[in-house]
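Reader: Could you take a close look with me at one part, the place where the two chains meet? I would be glad of the cut-offs along the way.

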Amino acid sequence: MPDLPPQQDDPIVSRPLNGLILISAFLLLLTVAWSLYSEFFGLRPWRSYQNRFRSVYATYLQKQIAQRRAAEQTLYATPDYQKLEAAVKTAGNAALPADRQISEQIDLLDRQRAILTPPFQDGRGRVGALTYQLEQIPERDKSAKASKLKQLNDAKAVTYALNWPTANGTKLRQFNYDDLNNTFTAIMTEKAALVSKRGDQDKSAKDAQAALDTFVKERLPGLGSTDLQGLLNSVSGMDIKLKQINVNPPGTLINYVGGVGLVDRCQSCHVATDPLLVPAVMTLTRADLGVAQDNDAPFTSHPDPDLLKFHPQEKFGCSPCHGGNGRALDTVERAHGRYEHWLWPLYYAANYDAGCQQCHAADAITEHAPVLNRGKELFREKGCIGCHKFQGFDNQDDLLTATRQQITLLESDRKSDEDEIPRLNKLGDQASDNTVANNFYQQAQNLTVTIASMDSQEEQLELKSHDLLQEIKKVGPDLKEVRMKIHKEWIPYWLEHTHEWRPTTKMPQFRLQPDEVQAIAAFIWQSALTGPALPKQTPGNAMHGKELLESRGCLGCHSVGEGSNTMGGTFAANLSRVGEKDNYDYLVRWVHNPRERTRPYSPFEKRDLGPEDYAKHGMPFVFDLAHSRSPNDGHELVVQQPTVMPSLRLSIEDSRDIASYLIALKRPDAHFDPADFMDDPKLKDKGKALVQFYGCAGCHEIAGLEDEGRVGTELTNEGSKPIERLDFALFTEDAKRGIEPDGKKTTRGPWYDLKGFFEHKLANPAVYDIGKYKPNPLDRLRMPRPNVNGDDIDAITTMLLGSTDASLPPDYMYKPADDRAGIQKGWWIVTKYNCMGCHQIDIGQKSVLMGLPMYQGEDKINLPPVLTSEGARVNPEWLKNFLANPALSTTDLNRDGVRSYLQVRMPTFFFSDDEIRTLVLFFEALSHQAEPFIPQKVEPLSTTEAGMARALFTSTAAPCLKCHATGEPAHDKNATAPNFLLAKDRLRPAWTGRWITNPQLIIPGTAMPSGLFRRENDHWVFSGPIPENMRTYSGDHADLLVRYMFTLTPEEQRLLLGRTTTTTARGN
Amino acid sequence: MLGDWHQLWEIVSAPDNVPIVALLFLVPFYVWYAFRQARANDELIEKLEADPAAAKTAHRKTQPYHPKWDREVHTWPYLMRVEFVAAILVTVLLMVWSLTLNAPLEEPSNPNVTMNPAKAPWYFLGLQEMLVYFDPWIAGVVMPTLIIIGLMCIPYIDANPLGNGYYTYKQRRFAIWTFSLGFIGLWVVMISIGTFIRGPGWMWFWPTSTWDAERVEYAVNRNLDTIPGVVTGGLFQINGSWVAHLLPTANRDYAPILARIIFGIFPVAIYFMVASYAVYLVMNSTNFAQRIFRRMTLLQIVTTDLLLVLMLALPVKILLRLIFRIKYIWVTPWFSI
């Protein structure tokens, strides 16, 4: 025990705590101050954002107001404006006396009502209460009822004396209850009548004002200085407060958060997205506000206000499209949801369109979402779909499998029913009495009818599979034909050097060991067809072939040339090295008709049929869409190659010319090592296993593997896969810490998220194998490296990120039931066959051909037709026929049915019936045409009218036949527009009328002359010299011409042709 | 691989783990502080025992002490003002804590994905750690119940009248050791293990090694009755052939399992006997202890012994598991030990 000096006081009693208490109290005070700061600013950064926004926006508005005022003053000084303004004043003055009179009347009525109201309320209250009491007295209590009734009548009889206002001062008037009631109603009725009368009175003044407003609006679009001043006032007086959008769709959860719908407070910081502060007509950028360099100024308004029109903020908020934590406000990181525990982080700029995909998964093309559209295009074009199932994309193979199963099931049912019939009949024969016997016979009879109905069902299923077989397209070529098509040595080289040999190819680069390459090549080679042999072709004219290739439209899909010399579309293969690998004879057949097969494939027998199968049944070896049933079992066969490439209906000579040109396209030093191992039968089985393993049959038709499924994982909901389900392998920790596989720091920080996974996987699918010990190559990740660049990766990542398991309510999904459904379905077909390579379909969209050098300037008129108004232009019945047979002829195929004068040719796509239906509906819907189509009646022409119309038709001011084709070869040499004889079946009269009066409006830049007619007294009158016999005609000239065109006969046209001199002219 | 300081920082800086980091410092500090006071008091007691006169003048039995000081002081202001300062400082601490660290809220739970590691709140981590050594029935239900019953029993089995109201070690050596073993040695240590050592897959990661969810380790455990060599031949043959003879033919299939159950009883029983005797020895290890022991009734002795034996079972099992990779000693279809 320590010895303490005796004088020392007891520390418990004597030690002063003042200092300690002071410090503690000070600390407490400091902490309270801190918490107050945190409460008002630290946790509420939006306050300072709003403050700053208020000041920068006010400055901006002041500047705008000043500019606008100056502009307005200039405009106000113009005589036009002053004239209109004077008109407003005159009209206003004219209306003034009557207006004043009405106002006085209304004012009197208002005063009367004001006097009347208190006694009326008093009386009504009394009478109402007494009436209720009366009603409550039971019927049997007669005396009470009678006395209450008396009370009620007394109450009604009470009179009120009022100083009743009249036009000349007031006078005393007595009112009982009924008077009050009636007068009140009368006053209200009279006032309503007066108000509406005043409106009529003002009409001319209002019209004048509207004319003035329109005048100003046309010259000075945007907000006027008064509007801007109003904005400035509301901004200056803006409360600094939390702004939120609440959406509570009934019975649903948005983002599953909190279970009570959506609460988005994004506008608290992103102030300018509030339409009350920044109207949709303004788009505000940081540069406008003078804070362009400031990265902490979230003051831009929504850059695409059109999007907000379809997606109003009060229904969609912000976070359902953009992601992020709409409720969080304390830090940027939290609000944007970019932290571990928020499952819907804000999409990065490169992936904004992912938000669209959440609801627009069923669309091939989504307006305003170019990145997403590109992603979907790539997903199909690069063959991702060959391995990865994705709902909404082509699933004909699945449907076909289901259909086949149904057919098989139906057949076995039919068989068992057939067996049952004799048994039932026998039972009937043996029955003890007639009733029982009849019962059995009846059952047997019912079964025969059932069998008949099964037959019709099976017939439908066969038709369906016929359609489906026609629709199934593979991304890559048919490898059954490989022996006829390809030089043997090229195959193993290609497998190893895919992207080197053809840098633009769709085929991904597989990670193959040399022995795997050999085995795969050997299997492909040995399993391919060897005959019947192709006909030998003589060489063609390569120069002419080149001309054809460049003019027939091949370049809408294909490209030629390498590197910077590449010209043409990217939809199909680059043809510049075709000569190094292809056989000439095969190429001729392919160019002539790419759908032609060597042998038909029977899905039921699971083999390719040959001439011997047909011979057995005494049939010629002919198979095409019209002869698509198997001679052996009657089921549908695969009679075409599964390629989207259409037939251009070229003559065999032209095909040879093109093939000769293509076969000459090769590098002079092209050389491939001999590959004798490909004939080694020992390699075949190993090759087959590898081909199955790598999923080659997803993109290619391969003998023996026709029924292979997709080897990859389904990606329909990949965007909502929990991060734990994605294997970052040895990079898990690095991803969490923002370190790239190459050891460098990432720019965006940690990439342990779906975006990071997808991007790294797409750039190098083997990345998650790095560092892993996998001695057996088959244990490695098998995804091949797709041929994509950085933008492509962004696009595909965007698509995947948005492909979520509906985190939004079902009614947010874009699944229109009206004609837009036709548009939605149609885009899948349009993109599948690359219609947009040649045609402009969507307003503003450019086709591939439009960008090629041979279609510039004057030569634009050689382009295929613009289809933006196709649905309004043509008769859908005609369109159906045209799509099925663009030559519009069964005999003369080497031509274009409508625009025979164009070099570029509408090919035959061999669409299935279903595809044709979809396309027709698509065009109809795109042009807002009612469905089903009911043709518009065209009034027949009287003889006089016919004469007038003929004169107009052949008028020298509008020589229609100068440009339009007629079918006479001599004349058509110079034709640049379609034949009128087609009009009757092809066109819609209403569209034709609009077209001939103002074609520039429908297709800007068309060669069809505008201004042929002018508007006069509500109808169209010919602009040129009016023919003699029409001088007195009071009808519509354009209408007359349309009716004439729709009744034109070949004889008539031939007759007219003689009258019009044929000169070179161009028109559409 | 050690040396991943980033990982260590992530663990200790997680808002969830802040109380445990504090615990690591506060528990040793207060233990030291209490023992310092106890030691001083023990010295004072010794001195006063030696000097009966001084004992009569009587002083606070706390250190420091001076004869001139009052024997008692008033609660107000002398105690209250200290408590007031303490209250202010704790308030400051809690406010700063709540301002700087947000509540560790996570995403809405997804029933299809289990987080890895899935950890209980820090105060339950000891229980969760126990699940490694016992089956859920024992670790999750029986043991926690026993802990609570044991705590409730303390006033009734404590026969030592000394050491109330002041810190002392010498007078309550047994109680202090029991507490230190149970609370610090087991509870606090298990919480620390659960917090800092157990990573993904509840695998053992030494501090500063990376918590790699992909890690694969050899951690195959076996039940005592399956270890070759432990049970061979004779009566305890696990194939149960000897039990089969005793069973009706229809039930012969149950023989192996029955044999295992019967086998398991023996090691457990042996442990109970040995441990009880060891506890008995400890309770009589000194004269002082013997005096207390003699004051106890039979019920008190049996309860104390039983509770201590059960408590000791935990470290024993931990060692068996970690060193000998033994999963269960006694396996039955209903519970395992």
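**The contact between chains A and B**

Author: The contact draws 29 residues from chain A and 32 residues from chain B, where two residues count as touching if their C-beta atoms, placed from the backbone, lie within 7 Å. On the side of chain A that touches chain B, helix H1 (11-14), helix H2 (18-42) and helix H27 (732-736) each supply at least two residues. H2(A) gives the most, with 10 residues. Helices (H or I, at least four residues) and strands (E, at least two) are DSSP runs, numbered from the N terminus. By type, this side of chain A divides into 18 nonpolar, seven polar and four charged residues. Here Ala, Val, Leu, Ile, Met, Phe, Trp, Tyr, Cys and Pro are nonpolar, Asp, Glu, Lys and Arg are charged, and the others, Gly among them, are polar.

A word on the source: this is a predicted model, in which local features need pLDDT of at least 70 and side-chain atom pairs count only at pLDDT 80 or more, while totals for chains, interfaces and linings use all residues. Residues are numbered from 1 along each chain as its sequence is written, and chains are lettered from A and ligands numbered from 1 in the order in which they are written.

Chain A also holds an open sheet of three strands, ordered S8-S7-S9, with antiparallel pairing; strands pair if DSSP finds at least two bridges between them. Strand S8 (607-608) and strand S9 (638-640) of chain A are at the edges with a single partner strand each, so one side of each has no neighbour in the sheet. Strand S7 (residues 596-602) of chain A joins S8(A) over two antiparallel bridges, and Ser602(A) stands opposite Arg607(A) in S8(A).
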